[in-house]
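Student: I'd like to learn how to read a protein model. Could we go through one together?

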Amino acid sequence: MSGAAAPTEITAARVLGAAGRGFFRFLGHSGRLTIFMGATVARVFHGGLRRREVVSQFSFVGAGSIGVVMLSAIFTGLVLALQGYYALVRFGSENLVGSLVALSLTRELAPVLTALMVTARAGSAMAATIGNMAVTEQIDALDSLAIDPLSHLVLPRLLAAIVALPLLAALFSVTGIAAAHLFGVNVLGLDGLAFMSNVRSSVAWKDVSVGLCKAVVFGVVIALIATFRGLGTRGGARGVGRATSRTVVEAAVLILCGDYVMTALLF
Amino acid sequence: MFDYKRAEIAAGAFLVMGLAALAYLSLSIGGLKLRSRDSYRLRARFSNVGDLKLRAPVKVAGVTIGSVETIRLADYYAEVELAVDRSVQLPTDTIASIATAGLLGEAHVSLSPGAADRNLAAGARITRTEPALNVADLLGRYAFGNANQGAPAGAPDSGSPDSERRPASPRENR
C-alpha cells in the first residue's frame, strides 16, 4: 500500500489506516452489543424469566451493595457540605449548603457514583463469574443441553441491575443529605431546619426523577457490558482478568459519557 | 451451599429500604403530590407575568396555599392556571397580582381576597389582576418624571383582563 516503507515505519497512510480500522472495530463492537441487548430483552417475552436467578442476582447487586453505597454517600455528603460551606460562607450564603448538597446529589452524584461503585463491585463480579464459565467451557455445556445462556445468565443480571440501581441511587441521595445535615448542624453550626427547608424548596420532582432515570440506564450499561465481556472471554485465567478489567473501564467510561448526554437531553 | 432463603430475605429487605428512600426522596424532598384532588384550578390573565415560573407558590397573606400549574400565551396576554388548596375559598372579587419576595426575589402569585358574598368555583377565572412590577421601568419613570401619568404604578384595574393604559416607556409622555 505505501510502497517501499519499512515495516516499523510510521507513515501517514498507516496511521490513517489504523484509525479507520479502530473506528470500524468500534462500530462492530457497538453493533454486537446492541444485538446482544435486543436478544436478551426478547427473552423476556418468550418465557425466559428465571425467578430464582433474578432474586439471587438482585440480592447480590442490590442488598450486597448497600454497604459500599452508603459509605460512599456519607463521605460524599460530608465533602460537599464542607466544600460548599467554604465556598458560600464568603458571601454569607452558608445556609444554601443544603440546596447545594441536595441538588448535586439527586441530579448527578447519586446516580453516577452509585453506578461506579456497583460497577466496581457487581460489574466485575458478573464479568469474572461468566468469564470463568466461558473459559472452562461451561457455557458450551449449557448450549449443548439446550439451556439458553442469555435467559439463564444475562437476563437475571440485567433485570436485577435495572431495579436495584435506582433504589441504590435513592439510598445514596438520602444518606448523603442526612450526613451533610448532621455534619452541617453539629460541626459547621448551620441551622438544621433552614437546611432542610432549603433542600425541600430547591429540589424538584424533575431533579429526582431524572436522577433515577439515569440510574436505570446505568444499570443496563453495567449488566450488558459485564455479561457481554464475560461471555466473550477467551484465553484462560488471564483472559478472565482482561475481561473483568475491560468491563470496569468500559462501563465507567460509558457511565460518565451517558451522564453528560442524559443531562444535556433531560435538563 | 448457596443459601437461597437468605438471598430472598436480603433482596426483600433491600427492596423495602430502597423503596422507602425513594418515597422519602420523591414526596418529602422532591415535593411530588400524590393526591391532586386536594386542589382546584383557577385561571387568571395578566398583561405581564414577569419572572413567574411554573410551580411558583400562590400565596394569600404570605401563606402558600397553592402553586402555578401552567403559563401560556393567549391573545397576547399571559394565561396562568393556578392550583389552589381545596380548603381555601376565595371570593369572586379576589385580586391576583405578581409579587416578589423582597425587592428582587422570586416571583409568586399573591391573592388578596375581597368581600364578595360568593366564592370562586373550581375552574373559575379571577377577573381582577395586576401585572408584574418591572423595577427598571419604575426607576425610569421616576427619573424622567411622571407628572402626566395619572394612576401610580400597581393600581388595580376593574373587570376585564388586566388593562394597562400607561405608555410602555417614559419617553412616550406628552
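Student: What covers the buried residues of α2 of chain A?

Tutor: Before that, some ground rules: this is a predicted model, where local features need pLDDT of at least 70, side-chain atom pairs count only at pLDDT 80 or more, and totals for chains, interfaces and linings use all residues. Residues are numbered from 1 along each chain as its sequence is written, while chains are lettered from A and ligands numbered from 1 in the order in which they are written. Helices (H or I, at least four residues) and strands (E, at least two) are DSSP runs, numbered from the N terminus. A residue is buried if 20 or more other C-beta atoms, placed from the backbone, lie within 10 Å of its own. Now your answer: the cover of α2(A) includes α4 (97-135) and α6 (149-188) of chain A together with α1 (4-29) of chain B.

Student: Which residues of α2 of chain A are buried?

Tutor: In this helix, residues 51-61, they are A:S56, A:Q57, A:F58, A:S59, A:F60 and A:V61.

Student: How do I read a nonpolar core?

Tutor: In soluble globular proteins, nonpolar side chains tend to be buried together. A nonpolar core is a set of buried Ala, Val, Leu, Ile, Met, Phe, Trp, Tyr and Cys residues joined through C-beta atoms within 7 Å. Here the largest one has 75 residues, and A:I222 is among those with the most contacts inside it. The largest share, 21 residues, comes from α6(A). A second, separate core of 21 residues includes B:V68 and B:I98.

Student: How do I read a sheet, and what is the strand order in this one?

Tutor: Look for pairing: two strands pair if DSSP finds at least two bridges between them. Chain B has an open sheet of eight strands, in the order β7-β1-β4-β3-β2-β6-β5-β8, with mixed pairing. β7 (125-126) and β8 (128-130) of chain B each have a single partner strand, so one side of each is left without a neighbour in the sheet.

Student: Which strands run antiparallel, and which pair in the parallel sense?

Tutor: β1 (residues 39-46) and β4 (residues 77-85) of chain B run antiparallel, joined by eight bridges; B:S39 stands opposite B:D85 there. In contrast, β5 (residues 95-100) of chain B and β8(B) pair in the parallel sense over three bridges, with B:S97 opposite B:E130.

Student: Where is the hairpin?

Tutor: β3(B) and β4(B) form it, with two residues between them. In that turn, B:D75 has a positive phi of about 55 degrees.

Definitions and conventions: A residue is buried if 20 or more other C-beta atoms lie within 10 Å of its own, exposed if 12 or fewer, and partly exposed in between; C-beta atoms are placed from the backbone. Two residues are in contact if their C-beta atoms, placed from the backbone, lie within 7 Å.
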